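Morning, everyone. Please look at the screen.

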Amino acid sequence: MPNPKRKHTPHRRDCRRSANSKLKQPTLCKCLNCNSMKISHRICNTCGFYAGKLILNKSTQKVTTPISYKEK
Ligand SMILES: [Zn+2]
């Protein structure tokens, strides 16, 4: 049965292990609405658009009291 000729150094071992644990940069693309950089397949953080449609209205994102609270 083949055996390794020499023991690998701790540096070589650690380099091998760290090669698979690096964080990847998220893929960025331009927003179709405001041309700012955004993470692909996510709602734009600047304008709230996704695929040309308004999903999250950024101008009226302030917390408003629900209707049930106003009635009581
Ligand atoms: Zn945008």
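One term before we start: two residues are in contact if their C-beta atoms, placed from the backbone, lie within 7 Å. Keep that in mind for isoleucine 43. Leaving aside neighbours within four places in sequence, isoleucine 43 is in contact with Gly48, Tyr50, Ile55 and Leu56. We will come back to that residue.

Now the overall picture. This is a predicted model. The mean pLDDT of the protein chain is 83. Of its residues, 82% reach 70 or more. Which elements sit at the two ends of that scale, lowest and highest? Helix H2, residues 67-71, has the lowest mean pLDDT among the elements, at 52. Strand E2, residues 37-39, has the highest, at 94.

Next, the layout. The protein chain has two helices and four strands. Read from the N terminus, the order is α-β-β-β-β-α. How much of the chain is buried? Of the 72 residues, 4% count as buried. What about contacts across the sequence? Take the contacts between residues at least 6 apart in sequence: 0% of them join residues at least 24 apart.

Back to isoleucine 43. It lies in the loop between E2 and E3. Is isoleucine 43 buried, exposed or partly exposed? It counts as partly exposed, because it has 18 C-beta neighbours inside 10 Å. Isoleucine 43 and lysine 53 are 10 residues apart in sequence. In space, C-alpha to C-alpha, they are 9.7 Å apart.

Isoleucine 55 lies in the loop between E4 and H2. Isoleucine 55 has 11 other C-beta atoms within 10 Å, so it is exposed. Which residues does isoleucine 55 touch, not counting those up to four places away in sequence? The answer is Ile43, Gly48, Phe49 and Tyr50. Isoleucine 55 and cysteine 44 are 11 residues apart in sequence and 9.2 Å apart in space, C-alpha to C-alpha.

Last, two backbone details. Start with asparagine 35. It lies in the loop between strand E1, residues 28-30, and E2. Asparagine 35 counts as exposed, because 11 C-beta neighbours lie inside 10 Å.

Then alanine 51. This residue lies in the loop between strand E3, 49-50, and strand E4, 53-54. What is the phi of alanine 51? It is positive, about 55°, although alanine 51 is not a glycine. Alanine 51 has 9 C-beta neighbours inside 10 Å, so it counts as exposed.

Then find asparagine 35 and alanine 51 in their loops. Thank you.

Technical notes: Residues are numbered from 1 along each chain as its sequence is written. This is a predicted model: local features need pLDDT of at least 70, side-chain atom pairs count only at pLDDT 80 or more; totals for chains, interfaces and linings use all residues. A residue is buried if 20 or more other C-beta atoms lie within 10 Å of its own, exposed if 12 or fewer, and partly exposed in between; C-beta atoms are placed from the backbone. pLDDT is the predictor's confidence in each residue, from 0 to 100.
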